[in-house]
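Subject: Structure handover

Hello,

Here is the structure for your files. My notes on a pocket and on some helix contacts follow below it.

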Amino acid sequence: MTNRKQITFEIIIVFALSLGASAVYSIVSLIAKLTAEAGLAGQTTLINGAMAQREWLDFTYQILSIAFGLAPVALALYLLWQSVGRPFEAIGLQLANPGFWIWRGFALAAVIGIPGLALYVGSRLLGISSKIVPADLNEYWWTIPILLLAAVKASLLEEVLVIGYLFDRLQRLGIKSNGQILISAALRGSYHLYQGFGGFIGNFVMGLVFGWAYKKWGRVMPLVLAHFILDAVSFVGYSLIGNSLPLP
């Protein structure tokens with residue numbers, strides 16, 4: 001694929017079907033919260049809430065949401081396969097050599113996660129983020145497994161699309177490494193704007209770190225693991241300790 005217009009249109013289509021659409025909805029959500037009577041600080045954001053009142057129906061919707069949410073990942077890998085062949089090898093989405101990616105994944109999670117929690121607390125105290133309301137872990141026996149599967153989906157979706165796929169396409173457009181990292185980080189931050197400005201800042205910084213790591217290591221697998229750890233802690237851990245945080 002050498003035509004710049006083709007590449008540009010392909011990027012637009014892929015992200016219009018996935019995280020680009022999420023970014024637009026997040027911007028609208030942020031505007032709605034900023035213009036509400038209670039203001040941004042007085043708003044709440046529900047993460048991974050119930051999708052139906054009946055248990056079997058909620059479970060079905062949750063499974064379908066996770067399964068179809070991975071469709072853009074399959075699309076990105078298919079497009080990479082068409083252009084470069086061996087897409088898993090091309091972006092380093094492989095389980096081989098676990099000693100390489102496991103410790104790097106945990107290290108990245110620690111580098112991002114600990115300051116990220118402090119940023120959320122600070123953002124809430126400054127009134128620039130909405131209050132995150134996590135899922136109720138005691139609602140059903142399958143809640144925690146579903147939350148962990150949701151973390152798997154989010155980590156694959158974001159790292160394959162926003163790092164592996166996007167970096168390849170931006171490079172084909174002639175954009176240098178620093179530009180690729182900045183564009184990717186800005187996109188990552190934009191689809192977290194529904195949380196408020198703190199969510200944007202935290203995820204923008206995360207995007208810079210993850211982009212640098214991908215350029216250095218050439219593999220998305222450490223990033224996928226780190227993202228999974230962060231989301232698993234956020235989805236499950238925050239449900240356990242969130243109410244004990246000293247926040248308004």
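**Second largest pocket**

The second largest pocket has a lining of 16 residues, and those nearest its centre are Asn-48, Gly-49, Ala-50, Ala-135 and Glu-139. A pocket here is an open set of points on a 1 Å grid over the protein atoms alone, where a 1.4 Å probe fits, with protein on both sides within 12 Å along at least five of seven lines; lining residues have an atom within 4 Å of a point. Two or more lining residues come from each of helix 3 (55–69) and helix 7 (143–172). Helices are DSSP runs (H or I, at least four residues), numbered from the N terminus. Helix 7 gives the most, with four residues. The space in this pocket is about 170 Å³, where a volume is the space filled by probe spheres set on the points, and points are joined across faces, edges and corners.

By class, the lining has nine nonpolar, four polar and three charged residues. Ala, Val, Leu, Ile, Met, Phe, Trp, Tyr, Cys and Pro count as nonpolar, Asp, Glu, Lys and Arg as charged, and the others, Gly among them, as polar.

This is a predicted model, in which local features need pLDDT of at least 70 and side-chain atom pairs pLDDT 80 or more, while totals for chains, interfaces and linings use all residues. Residues are numbered from 1 along each chain as its sequence is written, and side-chain values use heavy atoms, with hydrogens and water left out.

**Helix 7 and its partners**

The axes of helix 3 and helix 7 come within 9 Å and cross at roughly 20 degrees; axes are lines fitted to C-alpha atoms over the stretch in contact, and angles run from 0 to 180 degrees between N-to-C directions. The two helices are therefore roughly parallel (angles under 35 degrees; over 145 is roughly antiparallel). Residues of helix 3 that meet helix 7 include Phe-59, Ile-63 and Ile-66, and their partners include Ile-146, Leu-149 and Leu-157. This contact divides into seven nonpolar, three polar and one charged residue.

Helix 1 (residues 4–16) packs on helix 7 at about 165 degrees, with the axes 10 Å apart. That makes helix 1 roughly antiparallel to helix 7.

Arg-4 belongs to helix 1. Its C-alpha is 7.9 Å from that of Arg-172, 168 residues apart in sequence. Beyond neighbours within four places in sequence, Arg-4 is in contact (heavy atoms within 4.5 Å) with Leu-173 and Gly-174.

Regards

Terms used
Angles under 35 degrees count as roughly parallel, over 145 as roughly antiparallel, 65 to 115 as roughly perpendicular and the rest as oblique.
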